Amino acid sequence: MDRWLLLAATLLALIGSAGGMLAVHHGHRSRSTVIWMAAAMACQIAFLSIRGEIRCVCPLKDNGEILVFLSWSLTLFYLLVGSAYRISLLGVFSAPLVVLFQSIALLPGVLDAQPKKFDEGNLWHEMHSATSVLAYGALALAAIAGVMFLVLDRQLKEHHLQSGLFRNLPPVRELLVSLERLLWLGGGLLTFGILAGVLMPHDKQVLGHLGHLMAAITIWMCYLLLLAVKSTRGLTGRRLSLWAVGLFILSLGVFAFV
Amino acid sequence: MKLLCLGLNHRTAPVEVRERFAVSTSKLGTAAWELAAMKGISEGVVISTCNRTEFYLVAPDARMAFHQLESYLAEKTQLAASVADHFYRLEQASATRHLCQVVSGLNSMILGETEIFGQVKQAYQAALEAGATSTVLNRIFQRAFGVGKKVRTETSIQHGSTSVGNVAVDLAEKIFGHLKDSEVMILGAGEMSRITAQSLVSRGARSIFVANRSYDRALELAAEMGGSAVRFDEWQTVLERVDVVISSTGCPHAIVHRADVEKARHARKFRPLFFIDIAVPRDIDPAVGEIEEVYLYDIDTLEQLAEEARSRRHLQIEQCERIIDAELAKLQLPGCGIPNPRKGIGTTDEH
């Protein structure tokens with residue numbers, strides 16, 4: 001049942017993604033993407049509920065669950081931010097990433113077919129996992145806003161203003177404001193996740209946990225440094241976007257191997 | 001009963017003639033009521049904009065109705081009889097088609113402009129409230145509004161700006177979104193920069209700074225635009241706070257160099273900066289455009305973008321006409337019973 005729900009969520013996001021891209025290509029606003037993404041989110045919630053019930057803890061115990069949780073948080077922030085800051089096109093850019101993450105989760109072996117039940121979960125451990133993945137959802141969306149800025153910036157710089165994509169992209173200033181707010185939100189959640197990670201017990205697999213925590217702290221410090229530089233000295237939109245994209249890719253890479 | 005249209009527009013009459021027939025917005029209802037009250041005329045709507053005045057009426061005898069209306073207008077405007085040459089007279093399907101073209105912006109001076117839709121709607125509403133319309137005009141106008149909406153939704157007849165000023169303003173909005181948080185500096189108090197700055201102000205730009213070699217002229221323009229004058233040797237200081245710079249100085253060499261902008265970058269915290277260079281020779285060194293957060297557009301680029309938009313709109317005409325044809329054909333509207341070969345834009349059935 002859980003796999004079917006995940007498959008449904010992936011297909012819904014795929015439809016939202018394809019429909020959105022088609023609309024943008026024809027120069028229209030992608031009004032339906034938000035509906036498909038909301039439907040995909042409903043399936044993601046159902047999937048996570050079932051897995052949570054089986055495991056008796058927050059469903060973040062295998063790579064597949066982490067990827068679905070990340071997709072869920074990405075969708076959540078898109079639904080919150082996309083409508084709030086008139087950057088609904090963010091959905092057209094987010095949907096493919098959701099499809100990618102969930103497709104990887106659907107690959108054989110990524111998601112535990114027989115999820116193990118945990119007798120008792122540690123509060124700090126679960127807080128660390130949940131807030132960290134939520135943080136990466138916000139940071140993923142910041143990276144997507146960064147990509148959108150880079151596309152728009154290039155079109156404006158090179159005077160290529162006729163595409164449907166150009167017409168639908170939100171203004172430069174709004175993109176940068178959203179990007180910065182998402183970075184603050186992601187940074188804040190990551191701070192909480194790191195604190196919870198420090199406070200959770202480290203008695204087993206000490207080296208593995210330590211490596212994971214050190215990687216998380218390094219990424220967190222990079223984000224904090226980026227925000228500090230942006231707030232004090234200032235940063236061009238292009239550099240802020242490149243850093244947001246680069247750091248997100250780096251964080252994914254680090255956690256894939258650590 | 002026949003649907004008739006008597007009118008003149010920017011293609012058939014010069015402004016000195018058009019202005020004599022203009023009806024103010026507040027008097028459109030009265031004018032429509034007067035039209036419908038004429039002998040042999042049962043319904044009437046009067047449309048009046050800066051580019052056209054048109055009378056839509058319903059009457060059993062076209063020749064008599066036109067004659068009566070023209071005599072009334074001649075008497076009212078005290079113009080010579082030759083003024084009648086400026087009128088176009090349309091009947092039945094031609095009149096309906098013409099109304100659809102007008103509402104869709106196909107008959108406008110700026111092809112595809114959207115303002116006309118609201119103006120016609122306002123004129124119809126005034127006539128409706130004055131009790132000057134009934135079955136025929138109500139159905140025709142409602143249908144025409146539907147066609148106008150369809151044309152705008154299904155084609156790109158209104159896409160893109162067709163004047164240099166509007167292209168610049170659209171770009172500013174693409175960069176800054178709402179202009180209410182944006183500040184503008186004008187370098188050189190020329191006519192083009194004044195027009196462009198005024199467009200920005202009309203879309204909400206927060207404040208305007210005018211720098212000109214003649215400080216008196218800067219003061220004059222600043223007062224006119226509700227902005228502040230700046231001495232010409234102080235424009236670099238103002239650069240630290242503004243978002244848009246419009247330059248048109250008439251200076252034979254560049255006055256804004258890369259170094260000037262580089263100096264202001266830290267103080268600006270690397271915020272986006274939009275330069276509009278409408279001077280020939282150019283006022284802004286092209287190297288300024290290489291700075292990351294700077295978007296630089298010169299007169300040629302703006303003109304080219306406007307021209308591209310105009311061409312794209314013209315390419316849409318046929319598609320718009322097809323929509324109008326299809327919409328009129330599938331509805332058995334009064335006045336549309338007679339099959340009518342498609343007419344070109346601006347062509348009228350003159351009698």
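Mentor: This is a predicted model. The domain assignment of chain B is a place to start: it gives domain 1 (2–157 + 316–330) and domain 2 (164–307).

Trainee: How far apart do the C-alpha centres of domain 1 and domain 2 of chain B lie?

Mentor: Domain 1 of chain B is assigned in two segments, 2–157 and 316–330, while domain 2 is assigned as 164–307. Taken between their C-alpha centres, the distance is 41 Å.

Trainee: In the open sheet of chain B, which strands stand at the edges?

Mentor: The sheet has 6 strands with parallel pairing, in the order S7-S6-S5-S8-S9-S10. An edge strand here has a single partner strand, so one side of it is left without a neighbour in the sheet. In chain B that applies to strand S7 (228–231) and strand S10 (294–298).

Trainee: Which residue is the bridge partner of Val184(B) in S8(B)?

Mentor: Strand S5 (residues 183–187) and strand S8 (residues 244–247) of chain B run parallel and are joined by 4 bridges. In S8(B), the partner of Val184(B) is Val244(B).

Trainee: At about what angle does H12(B) run to S10(B)?

Mentor: Within the sheet, neighbouring strands are turned by 20° against each other on average, direction ignored. H12(B) lies across strand S9 (273–277) and S10 of chain B. Its angle to S10(B) is about 75°.

Trainee: Which element gives the largest share of the side of chain B that touches chain A?

Mentor: In the contact between the chains, 15 residues of chain B meet 15 residues of chain A. On the chain B side, helix H7 (164–176) and helix H12 (299–315) are the elements that give two or more residues. By class, the residues of that side are 6 nonpolar, 3 polar and 6 charged. The largest share, 4 residues, comes from H7(B).

Trainee: Turning to chain A, how many helices and strands are there?

Mentor: From the N terminus on, the elements run α-α-α-α-α-α-α-α-α. Buried residues make up 44% of the 258 residues in chain A. The count is 9 helices and 0 strands.

Trainee: Is the crossing of H2(A) and H4(A) left-handed or right-handed?

Mentor: Helix H2 (residues 33–55) and helix H4 (residues 90–106) of chain A pack at an angle of about 35°, with their axes 10 Å apart. The contact includes Met37(A) and Ala40(A) of H2(A), and Ala95(A) and Val98(A) of H4(A). It has 6 nonpolar, 2 polar and no charged residues. The crossing of H2(A) and H4(A) is left-handed.

How values were computed. Residues numbered from 1 in each chain as written. Chains lettered and ligands numbered in written order. Predicted model: local features only at pLDDT ≥ 70, side-chain atom pairs only at ≥ 80, totals over all residues. Axes fitted to C-alpha atoms, helices over the stretch in contact; angles between N-to-C directions. Left-handed = near helix turned anticlockwise from the far one by under 90°. Contact = placed C-beta atoms within 7 Å. Nonpolar A, V, L, I, M, F, W, Y, C, P; charged D, E, K, R; others polar. Domains from an automatic or database assignment. Buried ≥ 20, exposed ≤ 12 C-beta atoms within 10 Å, placed from the backbone. Pairing = 2+ DSSP bridges.
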